Amino acid sequence: MSQPQWITVLGATGSIGLSTLDVIARHPERYQVFAMSGYSRLTELRALCLKHTPRYCVVPNPIAADELQRSLQAAGCATEVLVGEEGLCQVAAAPEVDAVMAAIVGAAGLRPTLAAVHAGKKILLANKEALVMSGALFMQAVQRSGSVLLPIDSEHNAIFQCLPQDFARGLTAVGVRRILLTASGGPFRQTPLAELEQVTPAQACAHPNWSMGRKISVDSATMMNKGLELIEACWLFDARPEQVEVVVHPQSVIHSLVDYVDGSVLAQLGNPDMRTPIAHALAWPQRLDSGVAPLDLFSIARLDFQAPDEQRFPCLRLAREAAQAGGSAPAMLNAANEVAVEAFLQGRLRYPEIARMIAAVLEREAVVPVDDLDAVFAADGRARMLAEQWLSRRGQ
Ligand code: NAD
Ligand code: MG
């Protein structure tokens, strides 16, 4: 029997990270954890180290590293603790590693994910913000290194499954007319518009179908998540923004569809559980038991579809405009959104102000080309600064 594959799980303490570790633990003969990382929740990270005995574990600072290293040693665990972005890049690119789960949230995941790409690893991409920020550069790096890029986002994983294996020849060449990206509409799909002024972070994070980290939960409530996914789909599948249509489908059973020129529409269905796309990408091109229950169509009984309402969800329009503008626009959109979501979660911003603030930031800055990573981070930094300025002006 062949040796188990070594997997690095970046963002192991998060929702995707934990689901990944769950799938891996079901198949110890096939997968072993090479490294894992956590940024907060270090007690949970310690417990994960004891359970999965990775060779390395990465934490954000030397003090946390020291404490964790001592405590693991005392428990007889040989895991070596590394520090910061350098540590993340090291475990993402280590020669022993077969695949990297990129499940850090936000811009913080870009450099470690790119380190894995440059090292030619199989990349299981959950960290959509990394691709949104640096799309062209990221995809060029994938091409150059021969890295295999597999989408974890349930919609993109669904699209990947509905496309022919040679889709890289171009969507038109393989007969694709449109990509239909499904969206649940989040917790505020039907909330009266006037009530949106008052909604709380707890309400925004209570997603009707999916259990996820707080940032992506707020993004789902504003539908910025779908906007980021639209940009993500354009890069992953070499699509133009107008080839990607968003369809609100409140049950989250169809994870996305591909519409072909002959009228065939292929869809991927499943229970809303991220272990399905994770197991798919881990085992690809084979299949693996993920622990997800079989889909019970009789209990679902019906599937509904609606057009998205851009008045209710202005973030979707902002993201589509950024996709069309290209250059620095998606990185700025993403950065302004990260600041806005954090401020909303801290109670410093009301829900409708998230979109207002992002729009104000994007209006302030001209779109410039991004030819290297420095330009990406410069756009990211400018947008964060403008967003903070907007916040402090508004606070007066
Ligand atoms: P989460 O908040 O539950 O977990 C985030 C992980 O990133 C944690 O391990 C955290 O410690 C780590 N992290 C946070 N800030 C960091 C920093 N500055 N440096 C290093 N590490 C840091 O988030 P999640 O829901 O697991 O989502 C992770 C990524 O996957 C996001 O990009 C999200 O958009 C994407 N995604 C998630 C889901 C889902 O169902 N949760 C679905 C599709 C895509
Ligand atoms: Mg998704």
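This is a predicted model: local features need pLDDT of at least 70, side-chain atom pairs count only at pLDDT 80 or more; totals for chains, interfaces and linings use all residues.
1. Are D153 and E155 buried or exposed? D153 has a relative accessible area of 7%, and it is therefore classed as buried, the cut-off being under 20%. E155 has a relative accessibility of 9%, so that E155 also counts as buried.

2. The cavity. The model has one cavity of 30 Å³ or more, and the space in the largest cavity comes to about 40 Å³. Its lining is made up of S154, N157, Q161, W210, H255, Q268, N271, D273, T276 and P277. Two elements, helix 7 (154–162) and helix 11 (275–283), each give two or more residues to this lining, and helix 7 has the largest share, with three residues. Sorted by class, the lining of the largest cavity holds seven polar residues, two nonpolar residues and one charged residue.

3. The second largest pocket. This pocket has a volume of about 850 Å³. It is lined by 33 residues, of which M139, F167, A168, L236 and F237 are the closest to its centre. The elements that contribute two or more residues to the lining are helix 6, strand 7 (148–151), helix 7 and helix 10 (224–237). Which helix gives the most to the lining of the second largest pocket? That is helix 10, which supplies five residues. By class, the lining of this pocket has 22 nonpolar, eight polar and three charged residues.

4. Helix 16. This helix covers residues 373–395, which makes 23 residues, and from its first C-alpha to its last it reaches 33 Å, close to the 33 Å expected at 1.5 Å a residue. The buried residues of helix 16 are V376, A379, D380, A383, L386, A387, W390 and L391. Against which helices do the buried residues of helix 16 pack? Their packing partners are helix 5 (110–118), helix 6 (128–145), helix 14 (329–345) and helix 15 (351–364).

Terms used. Residues are numbered from 1 along each chain as its sequence is written. Chains are lettered from A and ligands numbered from 1 in the order in which they are written. Side-chain values use heavy atoms; hydrogens and water are left out. Buried means under 20% relative accessible area, exposed over 50%, partly exposed in between (1.4 Å probe, protein chains only). On a 1 Å grid over the protein atoms alone, a cavity is a set of points where a 1.4 Å probe fits but cannot get out, and a pocket is an open set with protein on both sides within 12 Å along at least five of seven lines; lining residues have an atom within 4 Å of a point. Grid points are joined across faces, edges and corners, and a volume is the space filled by probe spheres set on the points. Helices (H or I, at least four residues) and strands (E, at least two) are DSSP runs, numbered from the N terminus. Ala, Val, Leu, Ile, Met, Phe, Trp, Tyr, Cys and Pro count as nonpolar, Asp, Glu, Lys and Arg as charged, and the others, Gly among them, as polar. The expected span of a helix is 1.5 Å times one less than its number of residues. Contact means heavy atoms within 4.5 Å.
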